[in-house]
Amino acid sequence: MCSGFSGHRNSVSVVGLRRFAVRAEIYGAFVEDKMSQGDTNSAAVPQPGADIFGDDRWMSQHLRFVLDCKDKEPEVLFVGDSMVQVLQQYELWRELFSPLHALGFGIGGDKTEHLLWRLQNGELENIKPKVIVVWAGTNNIEHTAEEVVGGIEAIVKLINRLQPQAKIIVMGLMPRGEKPNPLRQKNAKVNQLLRVALPKLPSVQLLDVDVGFVHSDGTISCHDLFDFLHLTPAGYAKICKPLHELIMQLLEETPEEKQATLA
């Protein structure tokens with residue numbers, strides 16, 4: 001996947017990084033201003049990812065996604081965190097989603113505010129996907145369930161504004177941890193709140209991904225989540241087959257498909 005970016009590296013690395021650095025400063029100031037005004041839900045305020053490794057990898061990945069928007073024409077777009085990123089490494093992606101001309105814009109560790117910033121800064125430009133899958137929120141460790149839902153709602157509203165033709169699928173948050181724990185409880189509460197909040201927004205629905213991962217004794221198997229957070233191929237299969245079915249259903253419901261059927 002990195003090889004596809006290398007051919008454009010010289011053309012975007014200097015100018016592109018300067019441009020996005022300026023945007024990062026602007027949004028950083030915006031966040032501080034919002035917080036000073038009492039807006040405490042930072043999960044819903046766009047924020048670029050921190051360069052925690054000192055090698056600009058977050059911005060490099062983002063710039064590659066922006067280039068993909070210029071070079072490709074996806075019918076289905078996945079956006080999110082490592083759940084999207086890891087999925088693309090498995091055969092299941094090539095089997096189910098590549099034939100749909102799908103693109104995956106996932107960055108490990110991203111929170112809702114990071115995804116918001118990416119989507120506002122080029123990852124929804126020059127493309128018109130029919131379906132957009134949103135999978136984010138589990139990394140918002142410091143936020144409450146209500147704040148995480150606010151961040152996801154902000155993402156959906158942004159997509160509705162920038163890609164009004166797209167149907168949106170929000171993936172519910174995965175249970176996490178081998179045994180019951182506060183983070184798992186919070187993710188479950190996020191899903192519960194999303195079931196109430198999302199029907200109020202247009203062109204979006206929630207897909208519940210907790211398909212029996214938690215056993216009767218409260219444990220999760222490493223055969224489903226290899227580190228009790230990220231999915232194995234077998235774990236992805238339990239989620240992606242119903243996800244694929246839903247995507248196919250939504251593709252058939254798009255105006256373009258309906259017109260083609262009538263013709």
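1. Start with helix 6 (residues 112-120) and helix 7: their axes come within 9 Å and cross at roughly 10°. Helix 6 and helix 7 are therefore roughly parallel to each other (angles under 35 degrees count as such). The crossing of this pair is left-handed. Helices here are DSSP runs of H or I, at least four residues.

2. A quick word on the model: this is a predicted one, where local features need pLDDT of at least 70, side-chain atom pairs count only at pLDDT 80 or more, and totals for chains, interfaces and linings use all residues. Residues are numbered from 1 along each chain as its sequence is written, and side-chain values use heavy atoms, with hydrogens and water left out.

3. Now for helix 7 (residues 145-162) and helix 8 (residues 182-197), which pack at about 50° with axes 9 Å apart. Helix 7 passes helix 8 in a right-handed crossing.

4. Who meets whom there? On the helix 7 side you'll find Val148, Val149 and Ile152, among others, and on the helix 8 side the list includes Val190, Leu193 and Leu194. Contact means heavy atoms within 4.5 Å.

5. Last, have a look at the second largest pocket, with about 280 Å³ of space (a pocket is an open set of points on a 1 Å grid, fitting a 1.4 Å probe, with protein on both sides within 12 Å along at least five of seven lines; lining residues have an atom within 4 Å of a point). Of its 14 lining residues, Ala50, Ile52, Phe53, Trp58 and Gly108 are the closest to the centre. Helix 3 (residues 57-71) gives the most to this lining, with three residues.

Definitions and conventions. Points joined across faces, edges and corners; volume = space filled by probe spheres on them. Helix = DSSP H or I, 4+ residues; strand = E, 2+ residues; numbered from the N terminus. Axes fitted to C-alpha atoms, helices over the stretch in contact; angles between N-to-C directions. Left-handed = near helix turned anticlockwise from the far one by under 90°. Parallel < 35°, antiparallel > 145°, perpendicular 65-115°, else oblique.
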